[in-house]
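Please look over the model below before reading on. The paragraphs that follow turn to helix packing and then to metal sites.

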Amino acid sequence: MDEKRRQLLTGISLAGAGVLFNACRTNSSGGATNDEKTEPAPGEVAPVEVTAAEDLMREHGILRRALLVYREAAIRLRQDPGSIPPDTLEKAANLFRVFGEDYHEKKIEEVFVFPIVKKSPGAPAMYVDVLLAQHERGREITDYVLSLTREDRIPSNSVEPLARALESMVRMYEHHAAIEDTVVFPVWKAAVGEAELDALAARFEEIESEHFGGDGFDTALKRMEEIETSLGLSNLEMFTAPEPPK
Ligand SMILES: [Fe+2]
Ligand SMILES: [Fe+2]
């Protein structure tokens with residue numbers, strides 16, 4: 001089955017993302033014009049401004065949620081491999097591929113953010129090569145996860161290697177996104193300047209719209225919620241830590 005067909009069948013895709021397109025954009029710069037603005041329907045959240053840096057950080061939020069699914073999946077795979085439907089894990093990996101790797105990394109970070117940070121003095125420039133290598137390693141791991149979740153059952157001799165690969169992706173990306181959020185994006189923001197950032201926010205929205213045929217963030221968020229629900233991970237309360245020893 002070719003990649004496009006797999007993406008269409010397993011959820012988010014270039015074409016599939018558009019199916020869930022939200023008519024009302026949530027970004028000020030690329031959002032609805034005054035003529036197009038409509039009042040939010042009951043229960044809907046009113047559009048809010050999203051800056052370029054905030055846009056990147058909330059994309060990390062989606063990817064972190066995919067990684068939380070990976071972490072839970074690794075635990076459950078070891079306990080009972082049958083408790084993780086391969087197609088659900090495939091949906092999470094596809095979301096990471098289409099939203100994280102093909103859009104957030106390839107079309108935004110590697111084009112607009114890293115080249116500027118690379119020219120900045122000091123430690124942030126040194127991070128860029130490592131971050132690029134981690135993007136590559138992430139893509140290899142996603143390929144591996146997709147290759148094992150194609151069939152109805154994960155081969156028994158692949159359960160432990162898959163669990164380890166998922167955990168290694170979680171560990172790498174937790175550090176990766178934390179450095180981007182706290183060091184790389186602030187350096188980029190300072191180097192670019194406020195006026196250019198506004199223009200970039202609009203440009204990011206255009207690219208997002210071209211890539212997904214609609215609002216990629218909203219689509220990815222919906223897809224993520226479906227994945228969490230199907231694995232019984234949608235109740236935040238279940239993750240409240242127990243009381244510490246007294
Ligand atoms: Fe990155
Ligand atoms: Fe990132």
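Within what distance do the axes of helix H6 (residues 159–192) and helix H7 (residues 194–212) come, and at what angle do they cross? This is a predicted model, in which local features need pLDDT of at least 70 and side-chain atom pairs count only at pLDDT 80 or more, while totals for chains, interfaces and linings use all residues. Residues are numbered from 1 along each chain as its sequence is written, chains are lettered from A and ligands numbered from 1 in the order in which they are written, and side-chain values use heavy atoms, with hydrogens and water left out.

The axes of H6 and H7 come within 7 Å and cross at roughly 115°, where axes are lines fitted to C-alpha atoms, for helices over the stretch in contact, and angles run from 0 to 180 degrees between N-to-C directions; helices are DSSP runs (H or I, at least four residues), numbered from the N terminus. H6 and H7 are therefore roughly perpendicular to each other (65 to 115 degrees). Their contact (heavy atoms within 4.5 Å) is formed by Trp188, Lys189 and Val192 of H6 together with Glu194, Glu196, Leu197, Leu200 and Phe204 of H7.

A second pairing joins helix H4 (residues 86–118) and helix H8 (residues 216–230), whose axes come within 10 Å and cross at roughly 160°. H4 and H8 are therefore roughly antiparallel to each other (over 145 degrees). On the H4 side the contact involves Thr88, Lys91, Ala92, Leu95 and Phe99, and on the H8 side Gly216, Phe217, Ala220, Arg223, Met224, Ile227 and Ser230.

The iron ion (ligand 1) lies 3.2 Å from the iron ion (ligand 2), and Glu109 coordinates both. Distant parts of the chain are linked by the pair Glu109, in helix H4, and His135, in helix H5 (residues 123–148), which are 26 residues apart.

The iron ion (ligand 2) is coordinated at 1.9 to 2.2 Å by His60 (NE2), His104 (NE2), Glu109 (OE) and Glu180 (OE), and the spacing of its donors along the chain is H-x43-H-x4-E-x70-E.

Note on methods:
Helices (H or I, at least four residues) and strands (E, at least two) are DSSP runs, numbered from the N terminus. Angles under 35 degrees count as roughly parallel, over 145 as roughly antiparallel, 65 to 115 as roughly perpendicular and the rest as oblique. Donors are N, O and S atoms within 2.8 Å of the metal (3.2 Å for Na, K and Ca); water is not among the atoms, so sites may look incomplete.
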